Amino acid sequence: MKLRLDKYLSEIGLGTRSEVKKAIQKGLVQVNTQFVQKPEYKVDTEKDQVMFSGKPAVYVEYEYYMLNKPAGVISASTDSRERCVVDLILSRRRKDLFPVGRLDKDTEGLLLITNDGGLAHRLLSPKKHVDKVYYARIQGRVTQEDVAAFRQGVDIGEEKRTLPAGLLILTSKEVSEVELTIQEGKFHQVKRMFQAVDKEVLYLKRLQMGPLVLDATLKPGEYRTLNRNELDMLC
Ligand code: URA
């Protein structure tokens, strides 16, 4: 791919467009063996070697990170007051990363962070019916009636009932443990589904989204890049 030099540098987070333009004009940027002082110079992202202030500036078009989202962080790219999930990706190169879908501030678990809009669309489009699997702790005894209700779809105050969802009871006690598989992603969906059967979600963690499964070795707040196998399954 051919890209303007200033765009190339700013896309990989080396400064704003005007900052990198100034750096180029000052003679801080080298392409292969030449110092280039024209921001509009076209770089071949596959062939050219770019140096910025004497350090390699390697182009990456897409980045894919699996984050175990901790509670207390919001699912956004930037926010003036709150800590965002993208802030946790310290090794990020691209400045246009965003979370694929939203988890509530108090929800933990699997969140894909990328700048690949096509992939995000495929995973989030309501028409695609992508499975999302959650582990939850619920106040009260979850029963087979709840399983049947979720299978039929429940009224969460929207125009239509929820799509059929798979509820697996892991333990049914004063505080029950369940695994829930849904194919939608409405605002507070899991919490509202349990409210519809008069129960409260005490803890919620996403375990899986489509073929992507949360790496059990990642502690809350930790992340890693997707491996080849995961990328092949998603793309
Ligand atoms: N459903 C919820 O209620 N909250 C989440 O964070 C995700 C799904």
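Predicted model: local features only at pLDDT ≥ 70, side-chain atom pairs only at ≥ 80, totals over all residues.

The points below go from the whole chain to single residues.

1. The chain holds 6 helices and 15 strands.

2. Overall dimensions. The radius of gyration of the chain is 22 Å, whereas a compact globule of 235 residues would have one near 18 Å. Along the principal axes, the C-alpha atoms fill a box of roughly 70 × 35 × 30 Å.

3. Burial and contacts. Buried residues make up 46% of the 235 in the chain. When contacts between residues at least 6 apart in sequence are taken, 63% of them join residues at least 24 apart.

4. Surface and charge. The chain has an accessible surface of about 13000 Å², and carbon and sulfur atoms account for 49% of that surface. Its side chains include 39 positive and 33 negative ones, with 5 Å between the centres of the two sets.

5. Aromatic pairs, Y65 and Y223. The chain has 5 aromatic pairs. One of them is formed by Y65 and Y223, which is edge-to-face because the ring planes stand at 80°, over the cut-off of 60, with the centres 5.6 Å apart. The pair links distant parts of the chain, since Y65 belongs to strand 7 (residues 64–69) and Y223 to strand 15 (residues 223–225), 158 residues apart. Are the two partners buried or partly exposed? Y65 has a relative accessibility of 3% and so counts as buried; Y223, at 22%, is partly exposed.

6. Aromatic pairs, Y135 and Y203. This aromatic pair is also described as edge-to-face, with 6.1 Å from centre to centre and 65° between the planes. Y135 sits in strand 10 (residues 132–139) and Y203 in strand 13 (residues 200–209), so the pair ties together parts 68 residues apart in sequence. Y135 is buried, at 15% relative accessibility. Y203 has a value of 19%, and because the cut-off for buried is under 20%, Y203 counts as buried too.

7. M209. Strand 13 also contains M209, which is buried with a relative accessible area of 2%. What does M209 touch, not counting residues up to four places away in sequence? The residues are V100, L110, L123, L124, V130, D131 and K132. Of these, L124 is 85 residues from M209 in sequence, and the two C-alpha atoms are 9.7 Å apart.

8. Helix 5. Why is helix 5 (residues 189–196) described as largely enclosed by the rest of the structure? The reason is that 6 of its 8 residues are buried. These are Q189, V190, K191, R192, M193 and F194. The cover over these buried residues includes helix 4 (144–152) along with strand 10, strand 11 (166–171), strand 12 (175–182) and strand 13. After helix 5 comes D198, which has a positive phi, near 60°.

9. Y62. This residue is placed in the loop between strand 6 (55–56) and strand 7. With a relative accessible area of 40%, Y62 is partly exposed. Which residues does Y62 contact once neighbours within four places in sequence are left aside? They are N115 and D116. Y223, discussed in point 5, lies 161 residues from Y62 in sequence, and the distance from C-alpha to C-alpha is 16 Å.

10. L163. The loop between helix 4 and strand 11 holds L163. Its relative accessibility is 29%, so L163 counts as partly exposed. Leaving aside neighbours within four places in sequence, L163 is in contact with H129, F150, G153, Q183 and E184. For E184, 21 residues away along the chain, the C-alpha atom is separated from that of L163 by 7.3 Å.

How values were computed: Residues numbered from 1 in each chain as written. Heavy atoms only, no water. Helix = DSSP H or I, 4+ residues; strand = E, 2+ residues; numbered from the N terminus. Rg over C-alpha atoms; globule rule 2.2 N^0.38 Å. Buried < 20%, exposed > 50% of the residue type's maximum accessible area, 1.4 Å probe, protein only. Contact = heavy atoms within 4.5 Å. Areas by Shrake-Rupley, 256 points an atom, 1.4 Å probe, with all protein chains shown as cover. Lys, Arg positive; Asp, Glu negative; His and termini not counted. Charge placed at Lys NZ, Arg CZ, Asp CG, Glu CD. Phe/Tyr/Trp six-rings, centres within 6.5 Å; stacked < 30°, edge-to-face > 60°.
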